[in-house]
Amino acid sequence: MSLLRDITVQALPFVDKLIFWLALIPIISIAVYTVPYLLDPLGLRAFPGPILAKFTIGWLPWIVSQNRWSLTVNRLHQKYGIFVRLSPNYVSIAHPAALSAVYGHSSGATKAPYYEVFGDFRARNLFNILSRPEHARRRRLEAHMFSLQSVRALEINARVHHNNLVNQWERLYSYVKQAEKGGIREDKLGASAWRVEDGRVWFDCMPWFSYWSFDTIGDLAFGSPFGMLSAASDTVRVAKSVKASLATFGTSSNAEEFGFETEEMAIEKVLNERGHLITILGWLPEYWRRIVQMLPAYRFGMEAAPKMAGLAVAAVGKRLNNPAAREDMLNRLLDARDENGKPMSPEELSAEAFVLIIAGADTTANTSCATTYYLARDQRVQAKLQAELDEALKSIDSAVAPYDAVKNLPYLDAVINEGLRLHATIGAGLPRVVPEGGLTVLGHTFKEGTWVSVPVYHLHRDESIWGENASEFYPERWIEASGDRKKAMLDAFAPFSMGPRSCIGRNLALMQLHIVLSTLFHRFDFVLESDDPLPVQDSFVRKPKRCMIGIKSRKL
Ligand code: HEM
């Protein structure tokens with residue numbers, strides 16, 4: 001008993017200290033969040049927004065992690081109006097005039113440090129360079145390979161992959177005929193599950209658009225498609241160690257072999273995990289990023305980033321073994337010299353290759369899939385498009401629509417614009433940092449260091465611009481509108497962003513969308529398995545998770 005009393009007495013000072021320090025935690029935490037709010041160094045207190053967003057940088061990444069980014073920002077602008085504070089230092093501005101003010105050539109704003117997480121190599125690439133002069137130099141080096149003329153020259157190579165896609169879908173459709181004769185009614189082609197029902201073959205078209213888009217970019221960029229379409233699978237070979245493989249560049253002349261160790265990677269899963277994780281991390285300061293990366297839920301995402309880098313390294317490494325390869329984008333990068341006459345290092349080449357694969361393939365695949373979803377959902381629109389295509393392609397006997405035959409079809413153009421508008425694959429606000437001297441947008445001057453962005457997903461669905469049917473897929477709006485109405489629509493339409501950091505691959509993307517949609521809808525008739533909204537992974541790139549369609553051939 002007396003021993004117990006002694007221990008309790010001795011422990012008291014420690015308990016007191018513990019209580020004192022524990023009591024300090026909430027006080028310090030409250031101070032950390034409220035002092036900056038009260039001092040308001042950026043002068044943002046007057047802007048409305050969710051209460052937590054005004055106090056903590058954690059609110060926005062939390063929303064992103066819940067797959068509610070574009071929808072939440074859209075809802076907040078509907079509630080609060082043009083300006084919404086999304087973080088202690090960050091304001092979203094939903095107005096068409098803000099597009100040029102924030103992203104235009106004269107705004108002076110730079111990409112926010114948010115983009116640092118997109119660096120899977122030490123060398124920066126066109127997409128994640130922050131400095132304006134450095135970016136302008138790199139963009140000049142690459143602009144030529146994306147000019148309309150250069151892109152048109154790529155059509156002949158791109159057609160091979162459109163053709164492969166049609167052939168694979170014809171193969172899937174052939175199972176309908178086989179089932180009618182007593183053959184099996186469901187199975188897998190590669191990794192793609194299919195079933196036959198009601199005279200159609202049913203499958204998820206999203207992976208197929210990815211196979212097609214990745215194969216095309218691999219071919220155009222490095223003369224080497226990934227072979228996904230023919231395997232009907234997204235599994236590719238990537239460099240096992242980026243560092244070790246970079247060191248082997250140029251040491252082999254066997255174009256059929258990698259000069260380094262490789263492993264298999266399922267590109268879709270890795271890309272999704274990586275995309276989801278970095279979209280969350282981007283909003284956090286460096287010390288928070290380290291903590292989040294250690295959470296078990298994000299471990300796969302962390303392992304995914306080097307694997308994606310390994311994909312680019314493998315593609316470049318293989319291509320460098322073949323200096324006699326036909327003209328491709330890598331040739332242009334190999335010829336590029338900086339202002340001191342220095343060529344790009346192997347790592348810089350791989351970093352650029354990486355961006356071409358990531359920025360080019362996923363965005364085009366997602367937009368093609370989402371537009372297919374809208375067309376399959378609305379039989380009236382689909383029939384109208386098919387009538388236009390039948391007329392335009394009546395004297396063409398190839399399976400793939402030539403770009404010249406479909407590039408100026410009014411209804412197809414309207415369908416593509418409507419797909420880009422409603423799905424907006426890069427639809428969330430792209431954050432920029434206000435430069436020295438401040439930035440005035442719609443009469444408000446933001447102080448240096450403030451983050452600002454314009455939410456394209458919201459602008460593309462704003463009823464004051466697009467009318468009461470803003471959330472409907474209605475291609476006619478692009479044909480019926482004229483005068484001020486048309487101008488207002490075009491001012492608010494920015495699927496490729498605008499200004500110096502706008503999409504460099506726009507010409508290629510538009511060519512690809514025209515060819516793939518006209519080829520597929522001319523050839524097949526589409527219906528949806530369910531009219532439910534398209535499920536989307538709402539990360540930096542808004543990616544359809546799945547799109548089950550039933551197709552039948554339109555060939556008589
Ligand atoms: C439908 C397809 C596409 C859409 C909707 C799209 C959209 C965009 C958008 C909105 C940006 C600005 C991103 C930002 O500021 O953070 C961008 C940048 C970029 N895009 Fe695309 N893109 C598409 C296809 C492509 C293709 C096919 C390529 C190349 C093969 C490509 C390469 C790039 C690159 C390299 C950048 C960075 C440009 C820079 O910062 O100078 N994109 N894209």
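**Stop one: a loop residue**

Select asparagine 67, which is partly exposed at 22% relative accessibility (buried means under 20% relative accessible area, exposed over 50%, partly exposed in between, with a 1.4 Å probe and protein chains only). Asparagine 67 sits in the loop between α3 (59-65) and α4 (69-80); helices here are DSSP runs of H or I with at least four residues, strands are E runs of at least two, and both are numbered from the N terminus. Check its backbone: phi of asparagine 67 is near 65°, a positive value in a residue other than glycine.

A word on ground rules: this is a predicted model, where local features need pLDDT of at least 70, side-chain atom pairs count only at pLDDT 80 or more, and totals for chains, interfaces and linings use all residues. Residues are numbered from 1 along each chain as its sequence is written, and side-chain values use heavy atoms, with hydrogens and water left out.

**Stop two: another positive phi**

Jump to alanine 424, in the loop between α18 (410-423) and β9 (432-433). Alanine 424 is not a glycine either, yet its phi is positive, about 45°. Is alanine 424 buried or exposed? Alanine 424 counts as buried, at 2% relative accessibility.

**Stop three: helix α1**

Now pick phenylalanine 14, found in helix α1 (residues 2-39). With a relative accessible area of 55%, phenylalanine 14 is exposed.
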